[in-house]
Amino acid sequence: MHRRRRWRRRYEGWPALEKLAYVDELMGELAGRGVPHPSRRRVEPAQKNPLTLAEFYQRRQAHYGRSFPSIYDRDLLQLFSDEEQHRRRPRASVFLRRHKNTLRKRINRWTGENQYTLEQVFRDMIGRCQELGLHLRHGQEETLTEFAILLTVRTLQYFYGRPHKHPL
């Protein structure tokens with residue numbers, strides 16, 4: 001968190017802002033201090049590890065069985081498509097990432113829902129779109145409107161405890 005960067009403005013209104021300010025203050029106090037017990041021991045030298053980062057994370061994900069929850073599939077498949085006829089349209093995950101901040105701010109403004117909850121649901125839905133290989137079914141404006149409604153409903157369900165199977 002470099003002082004010249006505008007992180008305070010970027011996270012304005014987020015519950016995490018107070019925590020980020022604390023971390024910034026703490027890091028300011030620690031600046032210039034050395035590591036208490038420096039060690040030059042290498043746990044696993046990079047030269048001896050043949051895996052790329054992508055391969056490492058793929059293996060790790062397979063080992064822990066973590067993927068994005070499928071509870072959103074029915075909704076996502078109504079809004080987006082995995083059919084061949086839509087393959088030339090924008091990928092849903094890319095489209096949603098591009099409009100993420102705008103959608104999150106709009107929903108927060110009207111629901112008052114905290115940014116963290118929105119972010120969790122948004123992340124899972126984008127991840128699931130990517131796993132399913134979904135593409136836009138309709139035009140961009142229609143998709144933005146429909147997805148905003150879907151995200152609002154799902155976020156409120158997530159926050160207010162409507163039963164769903166969401167891995168923590």
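R128 counts as buried, at 13% relative accessibility. Buried here means under 20% relative accessible area, with exposed over 50% and partly exposed in between (1.4 Å probe, protein chains only). The model is a predicted one: local features need pLDDT of at least 70, side-chain atom pairs count only at pLDDT 80 or more, and totals for chains, interfaces and linings use all residues. Residues are numbered from 1 along each chain as its sequence is written, and side-chain values use heavy atoms, with hydrogens and water left out.

Back to R128. What does R128 form a salt bridge with? The partner is D73, and the closest N and O atoms are 2.7 Å apart. R128 lies in helix α7 (residues 115-132) and D73 in helix α4 (residues 73-79), so this pair ties together parts that are 55 residues apart in sequence. By salt bridge I mean a side-chain nitrogen of Lys or Arg within 4 Å of a carboxyl oxygen of Asp or Glu. Helices (H or I, at least four residues) and strands (E, at least two) are DSSP runs, numbered from the N terminus. D73 also counts as buried, at 15% relative accessibility.

A search of the whole structure finds 8 salt bridges. Two of them involve E119. R104 forms one with E119, the closest N and O atoms being 2.6 Å apart. R104 lies in helix α6 and E119 in helix α7, so the pair ties together parts that are 15 residues apart in sequence. R104 is buried, with a relative accessible area of 7%. Elsewhere, salt bridges that share partners join D73, R128 and E131 into one network.

The side chains of K100 and E119 also meet in a salt bridge, at 2.7 Å from N to O. Here K100 lies in helix α6 and E119 in helix α7, so that pair ties together parts that are 19 residues apart in sequence. E119 is buried, with a relative accessible area of 18%.

Staying with helix α6, L103 lies there too. L103 is buried, with a relative accessible area of 1%. Between the C-alpha atoms of L103 and L118, 15 residues apart along the chain, the separation is 9.6 Å.

Next, the largest pocket. On a 1 Å grid over the protein atoms alone, a pocket is an open set of points with protein on both sides within 12 Å along at least five of seven lines, where a 1.4 Å probe fits; lining residues have an atom within 4 Å of a point. The volume is about 160 Å³, taken as the space filled by probe spheres set on the points, with grid points joined across faces, edges and corners.

Which residues line the largest pocket? They are R10, Y11, E12, W14, N101, R104, K105 and Q115. Helix α6 (residues 100-111) gives the largest share of that lining, 3 residues. By class, the lining has 2 nonpolar, 2 polar and 4 charged residues.

Y22 is found in helix α2 (residues 17-30).

Last, the overall count. The protein chain has 8 helices and 2 strands, in the pattern α-α-α-α-β-α-α-α-β-α along the sequence. Of its 168 residues, 28% are buried.

Terms used
Ala, Val, Leu, Ile, Met, Phe, Trp, Tyr, Cys and Pro count as nonpolar, Asp, Glu, Lys and Arg as charged, and the others, Gly among them, as polar.
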